[in-house]
Amino acid sequence: MTKRELYEKAYAMLDKTTPLVTDCGKLCERACCAAADEKTGMYLFPGEEEMFAGEHPWLAIEKSSLTYGRGKPVFLAVCDGHCPRGARPLACRIFPLTPYIEPRGSLVIRTDPRAVPICPLARGSSPQKMEENFIDTVADAFRILINDKEIISFISEISRLIDEYEDLVSRMTGNGTGYRRGRAFRRR
């Protein structure tokens with residue numbers, strides 16, 4: 001399967017599912033979209049930039065400073081905060097979740113700790129809980145995507161970035177117990 005086919009399949013799986021049954025944007029006043037500016041965006045998975053070839057007035061694709069594998073660049077999707085919902089990148093479709101490779105090598109779907117400052121659903125104290133169907137669908141999509149070696153390499157790099165982020169937060173808070181890792185989601 002080509003990367004385009006992999007992403008089309010994953011996009012189709014995620015098209016009809018959201019973190020909440022209701023519009024989660026009402027919970028936070030669309031903070032994930034409102035946070036977009038010329039300096040922030042969402043990482044694109046390897047080869048996903050091909051999904052955005054052509055003109056998209058709401059989107060800019062930029063090379064980030066992050067690399068994976070043997071120095072392959074990671075691209076960043078920077079939107080103007082008003083995208084066609086069906087054209088969102090994968091990272092937007094799964095937000096506030098992320099695939100994560102644990103130190104012993106298991107792939108899990110978990111809450112992205114980088115989402116905590118902007119997404120109420122990423123916080124342990126949130127009275128709203130993510131829909132289990134959403135979590136399961138994200139896991140199902142990544143069961144397909146992890147058949148690609150570049151995608152696995154990218155997820156591994158992002159996982160180490162998350163580890164560094166959590167270590168930094170732990171040092172900054174000075175609690176010594178580490179940042180709350182969040183809930184890891186595995187399909188039984």
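Let me start with helix α6 and its buried side. In this predicted model, the buried residues of α6 are Ile 151, Phe 154, Ile 155, Ile 158, Ser 159, Ile 162, Asp 163, Glu 166, Val 169 and Ser 170. Note that Ser 159, Asp 163, Glu 166 and Ser 170 are on that list along with the isoleucines.

At the start of α6, Asp 148 places a side-chain oxygen within 2.9 Å of the backbone nitrogen of Glu 150. At the other end, just after the helix, Gly 174 has a positive phi of about 70°.

Now the core. The largest nonpolar core has 44 residues. Tyr 7, Phe 45, Leu 90, Val 138, Phe 142 and Leu 145 have the most contacts inside it. Two or more residues each come from α1 (3-14), β2 (59-68), β3 (72-79), α4 (90-94), β4 (97-101), β5 (107-111), α5 (132-145) and α6 (149-173). Helix α5 supplies the largest share, eight residues. As background, nonpolar side chains in soluble globular proteins tend to be buried together.

Take Phe 45 as an example. What does Phe 45 touch, leaving out residues up to four places away in sequence? The contacts are Tyr 7, Leu 90, Ala 91, Pro 99, Phe 142, Ile 151, Phe 154 and Ile 155. Of these, Ile 151, Phe 154 and Ile 155 are buried residues of α6, which brings us back to that helix.

Next, the strands. β2 and β3 pair in the antiparallel sense, over seven bridges. Leu 59 has Cys 79 in β3 as its bridge partner. The hairpin of β2 and β3 has three residues between the strands, and Gly 69 there takes a positive phi near 60°. β3 also pairs with strand β1 (residues 42-43), again antiparallel, over two bridges. Tyr 43 sits opposite Leu 76 of β3.

Conventions
Residues are numbered from 1 along each chain as its sequence is written. This is a predicted model: local features need pLDDT of at least 70, side-chain atom pairs count only at pLDDT 80 or more; totals for chains, interfaces and linings use all residues. Side-chain values use heavy atoms; hydrogens and water are left out. A nonpolar core is a set of buried Ala, Val, Leu, Ile, Met, Phe, Trp, Tyr and Cys residues joined through side-chain atoms within 4.5 Å. Buried means under 20% relative accessible area, exposed over 50%, partly exposed in between (1.4 Å probe, protein chains only). Helices (H or I, at least four residues) and strands (E, at least two) are DSSP runs, numbered from the N terminus. Contact means heavy atoms within 4.5 Å. A polar contact is a pair of N or O atoms within 3.5 Å; within protein, one must be able to donate a hydrogen and the other to accept it, and residues adjacent in sequence count only if both atoms are side-chain atoms. Two strands pair if DSSP finds at least two bridges between them.
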